[in-house]
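Have your viewer ready, and let us walk through this model together. We will take the sheets one by one and then turn to a few single residues.

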Amino acid sequence: MADEPREKAPADVFTNRRARTVVIVLTVIMVAAACVSLLLGRYPIAPGDALAMLLNLIPFVDIETGATAQAEALFYNVRLPRIILALLVGCCLSAAGAAFQGTFQNPLTSPDILGASQGAALGAAIAILLGWGSVAISGMAFVFAIIAVLLVLLISSRARGNKVLVVVLSGVMISSLMSAGVSFTKLIADPANTLPAITYWLMGSLTSANLKDIAMVIAPMALGLVALYLMRWRINILTMGDEEAETLGVNTKVVRLVVILAATLVTAASVAVTGMIGWVGLVVPHLCRMLVGADYRRLLPASMIMGAGFLLIVDDVSRLLTTAEIPIGILTAFIGAPFFLYLITRRKLR
Amino acid sequence: MSIEVKNLGFAFGDNQVLKGLDFTIPDKTLVNVLGHNGAGKTTLFKCLLGLYRNYTGTILVNGKDMRSLSVRQRAKEIAYIPQSHSSVFDYDVIDVVLMSAASDVGYIGQPKAEHKERAYAALEKVGIENLAKRPYTQISGGEQQLTLIARAIAQNAKTIIMDEPTSALDYGNTVRVLSCVRELSSEGMSIIQSTHQPDHAFLYSDSVLVIHEGELYAYGDPKDVITRELVGTIYGVDVEVTSLYGDKVRVCVPVKELGKMDKKGTRWFHSGQLKPHDS
């Protein structure tokens with residue numbers, strides 16, 4: 001045992017240069033991907049025109065563009081909203097995944113594994129069935145998503161056995177229950193209008209992205225993301241287990257509830273505008289943990305940025321790969337499911 | 001007084017786990033709590049820590065009723081060191097120690113420079129500052145335990161509770177951890193730790209508190225408390241308490257085992273279960 005501490009802590013103990021570099025690189029990739037995405041598509045837009053149209057969004061700026069009126073309409077009403085929405089949803093799903101993994105002390109959780117996405121889908125399907133408007137659809141998505149997560153939390157806290165597996169299994173059961181509910185709403189839906197609406201919506205796609213969607217979800221998304229960002233250091237302590245966290249001075253019930261509510265809010269908002277896009281919330285936090293470490297002070301921002309860029313790039317692939325668009329949920333599943341299998345075989349589960 | 005317990009009782013439903021406990025622990029004292037598995041040691045600790053609140057009687061920690069304090073205030077009075085455990089995620093050692101700042105910063109706060117200095121100083125104090133940037137999951141069990149001790153030091157509470165801190169450690173780490181604990185208590189902390197080794201109590205405690213069937217069975221100087229009768233009662237083992245080095249230390253020896261040994265000093269040969277040159 002050493003005597004009185006002789007010197008101040010070396011400065012590099014608390015800085016993580018690698019994490020800082022990773023965040024900068026991820027940000028550059030995300031911005032570059034967004035810029036390139038603006039130009040890509042069936043109707044290519046010249047870089048100069050795209051830049052001019054972007055700058056024109058700033059009040060009192062009016063630059064002459066060489067783009068046709070048709071190209072401008074496409075740019076403002078289709079391409080730009082879609083890119084913004086892909087960034088937002090990727091950011092939200094990844095942040096929610098990271099937050100759920102922390103509060104459930106479980107590396108194998110994500111919004112879709114916990115049943116939050118399926119819960120949101122059921123809530124939204126019921127709202128569509130009843131012919132409600134878009135605000136009610138989002139509200140119902142949130143209510144059912146939170147019900148699903150709380151059910152998983154309740155069941156896994158009562159079940160015996162390996163905690164990691166219990167959470168995953170109860171999540172699977174709740175998801176299946178919610179999916180059955182969705183199937184039932186489809187069964188009784190009107191095949192002429194509500195059935196196709198529900199079916200297409202569930203597929204997980206950014207095709208129909210428009211400015212109205214963004215306006216509707218931006219507030220709940222911002223609220224949830226800010227809450228998660230501000231509380232991110234405390235999530236670390238929750239991962240130590242409830243009793244230990246409490247003796248460290250953390251009101252675990254309050255912190256867990258706020259984190260779960262915020263993560264569910266951003267999940268439900270995402271599902272409400274794009275349908276179910278699975279696996280992003282599992283894959284991205286894991287990749288970030290490999291790059292910047294487990295500390296949520298670095299992990300959460302890194303996940304948000306990587307998630308945004310990741311979903312945007314996957315969405316680009318989904319709209320450009322073939323002439324008929326591939327729903328993005330299919331692509332993320334192709335990436336995510338093998339990754340999950342890799343995770344469960346790679347390390348010992350405790 | 002670090003801890004004052006009056007007429008403490010606790011029940012899980014119909015199962016009365018603790019009955020009428022009365023004791024006080026002065027400041028700067030290292031107390032070992034003995035008792036067989038299920039005797040109520042952990043329950044007592046959880047009551048002291050304020051994790052279990054529906055007990056009867058009163059508990060004062062540093063003069064304060066834990067039930068009237070907020071979670072953060074409780075953490076400033078008393079720190080808890082669990083059995084060494086592996087964390088789910090790979091935190092750096094320094095980040096685990098930094099968690100001690102939770103009682104100081106609000107819901108949306110983050111550790112500040114003073115907390116970082118305090119965390120690093122605590123790591124220096126237990127002598128593992130060279131491990132600061134290593135992943136917590138990849139250091140040895142003894143180093144993990146020292147990390148948790150550093151975290152408790154950085155938490156700045158006057159009282160520390162340790163639940164079987166050495167149960168998962170090998171012999172060398174056990175000695176290192178216990179001697180660190182004793183040094184902390186000599187510097188002014190009150191430390192209450194449970195153990196299954198009566199021998200440890202002779203070396204590493206100022207007083208011994210024995211819980212048996214949920215009651216306070218004995219409490220006092222280790223040399224007065226740990227006797228052949230006591231070990232026989234609480235563990236059901238017949239031992240002889242022998243004194244060494246001019247009674248500076250004592251050890252418990254299970255005397256019945258001595259009789260089973262033959263002249264070669266190995267009982268297994270004698271009972272025929274294993275022969276010396278069997279291949």
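Predicted model: local features only at pLDDT ≥ 70, side-chain atom pairs only at ≥ 80, totals over all residues.

Residues are numbered from 1 along each chain as its sequence is written, chains are lettered from A and ligands numbered from 1 in the order in which they are written, and side-chain values use heavy atoms, with hydrogens and water left out.

Strands here (E, at least two residues) and helices (H or I, at least four) are DSSP runs, numbered from the N terminus, and two strands pair if DSSP finds at least two bridges between them. S1(B) and S2(B) are joined in the antiparallel sense by seven bridges, with Ile3(B) opposite Ile25(B) in S2(B). These two strands form a hairpin with two residues between them, and Gly13(B) in the turn has a positive phi of about 60 degrees. On to S4(B), which pairs with S1(B) over five antiparallel bridges; there, Val5(B) has Ile59(B) as its bridge partner. Strand S4 (residues 56–61) of chain B also pairs with S5(B), antiparallel and over two bridges. Contact means heavy atoms within 4.5 Å, and axes are lines fitted to C-alpha atoms, for helices over the stretch in contact, with angles from 0 to 180 degrees between N-to-C directions.

Which residues does Arg53(B) touch, not counting residues up to four places away in sequence? Found in the loop between H1 and S4 of chain B, Arg53(B) touches Met66(B), Arg67(B) and Arg74(B). Arg53(B) counts as partly exposed because its relative accessible area is 37%; buried means under 20%, exposed over 50%, and partly exposed in between (1.4 Å probe, protein chains only).

The other sheet of our tour has six strands of chain B in the order S6-S7-S8-S3-S9-S10, open and with mixed pairing. Its edge strands are strand S6 (78–81) and strand S10 (215–220) of chain B. Strand S9 (residues 207–212) of chain B pairs with S10(B) in the antiparallel sense over five bridges, and Ile211(B) stands opposite Leu216(B) in S10(B). Helix H9 (residues 228–235) of chain B packs on the sheet, touching S3, S9 and S10 of chain B.

Now over to chain A. Ser117(A) sits in helix H4 (residues 116–129) of chain A and counts as buried because its relative accessibility is 4%. Leu230(A), in helix H8 of chain A, counts as partly exposed, because its relative accessibility is 34%.
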